[in-house]
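Subject: Structure handover and findings

Hello,

I am passing on the structure we spoke about, with notes for someone who has not seen it before. Please open it alongside this email.

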Amino acid sequence: MTPAEIAALPARTLASLVRDGSLRAIEVLAAFEAQADATEPFVHAYLLRARDSAAAAAEAVDAARAAGRPLGLLAGVPVGLKDLFVTEGIETRAGSKILEGWIPPYEGTHAARLRAAGAVITGKLAMDEFAMGSSSESTPYVAPRNPWHPDYVPGGSSGGSAAAVAAGSVAAALGSDTGGSVRQPASFCGVVGLKPSYGRVSRHGMIAFASSLDQAGPITRDVRDAALLLQVLAGADPLDSTCVDAPVPDYLAACERGAAGLRVGVHRAALEHDGLDPEVAVAFERALAVLKDAGAALVDVDLPHARHAVAAYYVLCAAEAASNLARYDGIRYGARVDRPTLRETYEATREAGFSAEVKRRILLGTFVLRKDSYALYYGQAQKVRRLIADDYARAFERCELVACPTSPMPGFRAGEKLHDPLAMYLADVFTIGANLAGLAAISVPAGLSAAGIERPALPIGVQLFAPALHEPTLLAAAAAHEDVTTHHRLRPPMTAVATGGHPA
Amino acid sequence: MTASDYEPVIGLETHCQLATESKMFSACPVGLLAPPNTLVDAYTLGLPGTLPVPNARAVRFGIALALACGSTLHEHSRFARKHYFYPDLPKGYQITQSDEPFATGGGLVVPGFQGAAGEPKRVPLVRIHLEEDAGKNTHVPGAAHSLVDYDRAGAPLLEIVSEPAIGSAEEAAAYMRELRTLVRTLGLSSANMEEGTLRCDANVSVRPRGSAMLGVRCEIKNLNSFRFLALAIAAEIRRQVDLLTRGEPIVSATLSYDPERDRTRVMRTKEATADYRYMPEPDLPPLRIEPAWIEEIRAAMPPLPAARRAAWVAQGIAEDDAVLLAGEPALGGYLDRMLAAGAPARRASNWLTVELLGKLNADGRGIEQSPVEPEALAELVVMLESSEVSGPSAKQIFGVLYGRVSEEPVLGPRTIAERDGHRQVSDVAAIEAAVREVLAANPEQVASFRAGKTKLRGFLVGQVMKATRGRANPQLVGEVLDRLLAEG
């Protein structure tokens, strides 16, 4: 196999070839590194490439095989991590200057479980600073770009993760989803993004943005690879009290169940959203038709409070962010700007360390938590959150899944919304319900927009939601959709040039 | 109005550091005397990505105290974040309980104090909750920097908040002593004010005597000994009464106590206090206390101080001794072992609190390091009670017991009495012989006695005791002497 052929294989195939000795982990790593070398100059998916530790990890997998030791589910699979996953010995900064130079002295649960399964961690992927953003442009570093067109954003906040998977420079990546940050970039980049239900995957070692909403999730080329990564990541963690202690089902097996007999709910009123791009609407209807053909029934559901979701979400996530980011004071770790007094040191450190979007949310969050505004904002937002969760609970009495577009529009042009925070926030309208209600959700490729004068051909994604812990149902329907479509096999043309073509 | 027209109203907020192995929300060990920043882990330092995991033992301790105080335990309670920026607070917030504490209500009966109707004084509690401690900042005099020690950061604390229902500085100190006794009896804290495992802030206000309204309150922070607690509250009452009698208003403030000048000093007025921006702690699910868990803890509770004291007093032990003995669970345990070995209660407590504690205190030792086992002391007390040995002999035997060098074999008091000739002579014939000898040897004194100088009886008893080298039963000596003197 040529390096290009190797780099085009799904993660599960790579792992199985490494396990049976057909491929060496070091060869697999070399193939993906070559792909990264070719695409990084215009994709900028990586904040940090951990070449040495990746090589050492690949060699360890090969040595383990040579010694006859059993290999894990991700043996030799190159995986990139969003920069907010704590990796022992590898700089971790959540995309922020304020953590620059921080080499964690401990391993987060995600990195630990991935490594234990034989994954080779290739480096840290670009993101909106502290995961606050929907375009990955809120960064003091070079912003990643969409492999489908370098003038376009890869989405955010896990933009680097989605871009790396789409560019073929990793076999899979890990992102975090607080309000859609796994699913929206996955849809922008034409890959699969899975947000497990809240508590399904540990948050220990995932630098917090909004604790009650944050959930780690895989970004992969197809649904079965997402199932494979979830298999490795899911399960109780004694270091996270909010992690659910429920049995971990066989997610790969669930992918073979098909969609027959499933009822898929559609909230029609949501599709009247002002900013909904007609091409997204078309792609969505096409995906529904595919599910119907696969034996699913479509039912109408009502989510009466959905229209308040964005407002409630931005109050809650800002409050939690202001609290979670209070620890970055320059005293114990990370960057510090020394000034004569403590207060000035705090101010100078945080002024220099955080960029505009992060400061905006800290200010907003601090405001809503004030004693005299708490009930009006935070308390009210919590009530809305409960109502939205109740809406979904009622909807799920009538169906197993709810479907909707992932984003109102395909990827937008870099800089287009950078100075219009409200427009940026509204890009999350379809994704945040899953976070507010703690649901499982997945975004899968649903086709490309037509190439024209206005914009190039860009991927479009559709989402499915399932009740908490119903990932198997979610994966069954997503895999059934994927089995009769080819959207997920499309690769960005520019990356294909880099590898000299790919099969499929 | 004059000073005597005012009465103080005091409420105490007490922090008690729990004697757990690990911290409130991580497996990091807790300790008191470790070198700076050696009892830390990723969570304690607030490293990114770390999460709190509640310490079940700390919760257990909290439940035990709530049960002992008769508080209402809430099956669901919640942790909250309290925000402020300070270098000793690693996360920029403290995890505590705010509007949903695990226990509310209950109360503490303060020994030695009475309520308005003469009933035993009971100070009602507002709440008990769990929280984590902050670290410690040290300001280096003259240096441009401060030092921070995170060893204490994250240590488990119980906060006990009383109602404003304490009527004097002395009562406040007694309340604190009773609380200390209780947590020590329950084994949940060393509760030592000097070492900081028991800390107290006092809210003090004054009002016209008999008024039902509360005055403007001021809070005295960081009272770290029983002495300063009482002195500081008394000083603050003086300050407030002084202001009011001069017709000046009291401004709500946070104060510190200056022991040098015996005065409270305003640190900041309340208008300037921070808004802590409380929010529910999203990293922790609601704390769930199952009824079965409560019952299990209730079943395992040791006898509470009030019950122990009542039992001891009923057996004849002085009230003050009972308070002292209950205050130190190891002391109470020592007494209970003496009683179990058959020692009469009053004498046992006297020997324990006067002789043994006297020696131990002089040597700077605790009851745990006593060289005398409670069973041995009990045996000695029994021998004394049955006149097997005299008081002076008992003290000598005790000296031998206490002074035993650790390599020496353990001898019981009876063996020592035998060996050293302390067994008291209660043989009437032998005593009579000795008395007759003394009377014969002191004819002048005998004559004077019979002439009315009855004071000389003591001298004659002393002579008999001297002749018997202190071994004669003094009571019998007295009886025999009186009989022979009367016989003429």
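The notes below take the two chains in turn, then their contact, then some local details.

This is a predicted model, in which local features need pLDDT of at least 70 and side-chain atom pairs count only at pLDDT 80 or more, while totals for chains, interfaces and linings use all residues. Residues are numbered from 1 along each chain as its sequence is written, and chains are lettered from A and ligands numbered from 1 in the order in which they are written.

Chain A

The average pLDDT (the predictor's confidence in each residue, from 0 to 100) is 95 for chain A, and 98% of its residues score at least 70. Residues 497-504 of chain A are the part to treat with care: pLDDT stays under 50 there. For that stretch the model has 17 contacts beyond four places in sequence, where a contact means that the C-beta atoms of two residues, placed from the backbone, lie within 7 Å.

Chain A has 18 helices and eleven strands. Both are DSSP runs numbered from the N terminus, helices being H or I with at least four residues and strands E with at least two. The radius of gyration of chain A is 21 Å, close to the 23 Å that the globule rule gives for 504 residues, so chain A is as compact as a globular protein of that length. That radius is taken over C-alpha atoms, and the globule rule is 2.2 Å times the number of residues to the power 0.38. The C-alpha trace of chain A spans about 65 × 60 × 50 Å along its principal axes.

Of the 504 residues in chain A, 63% are buried. A residue is buried if 20 or more other C-beta atoms lie within 10 Å of its own, exposed if 12 or fewer, and partly exposed in between, with C-beta atoms placed from the backbone. Among the contacts in chain A between residues at least 6 apart in sequence, 77% join residues at least 24 apart.

Chain B

Chain B contains 15 helices and 17 strands. Its radius of gyration is 30 Å, well over the 23 Å from the globule rule for 488 residues, so chain B is more spread out than a compact globule. Along the principal axes, the C-alpha atoms of chain B fill a box of roughly 95 × 60 × 55 Å. Buried residues account for 42% of the 488. Of the contacts in chain B with a separation of 6 or more, 70% are between residues 24 or more positions apart.

Where the chains meet

In the contact between the chains, 34 residues of chain A meet 25 residues of chain B. On the side of chain A that touches chain B, α11 (309-324), α12 (342-353) and α13 (356-369) of chain A each supply at least two residues. The largest share, three residues, comes from α11(A). By type, the residues on this side of chain A are 17 nonpolar, nine polar and eight charged. Here Ala, Val, Leu, Ile, Met, Phe, Trp, Tyr, Cys and Pro count as nonpolar, Asp, Glu, Lys and Arg as charged, and the others, Gly among them, as polar.

A helix pair in chain B

Helix α13 (residues 443-450) and helix α14 (residues 456-467) of chain B have axes that come within 9 Å and cross at roughly 145°. The axes are lines fitted to C-alpha atoms over the stretch in contact, and angles run from 0 to 180 degrees between N-to-C directions. Gln445(B), Ser448(B) and Phe449(B) of α13(B) meet Leu456(B), Arg457(B), Phe459(B) and Leu460(B) of α14(B). These residues divide into four nonpolar, two polar and one charged.

Local details

Most residues other than glycine have a negative phi, and most peptide bonds are trans. The peptide bond from Gly156(A) to Ser157(A) is cis, with omega near 5°, and Ser157(A) sits in the loop between β3 (120-125) and α6 (159-167) of chain A.

Ser138(A) lies in the loop between β3 and α6 of chain A and is buried, with 26 C-beta neighbours inside 10 Å. Its C-alpha atom is separated by 7.8 Å from that of Leu418(A), 280 residues apart along the chain.

In chain B, Ala191(B) is not a glycine but has a positive phi of about 45°. Ala191(B) is in the loop between α2 (169-185) and β12 (198-208) of chain B.

Regards
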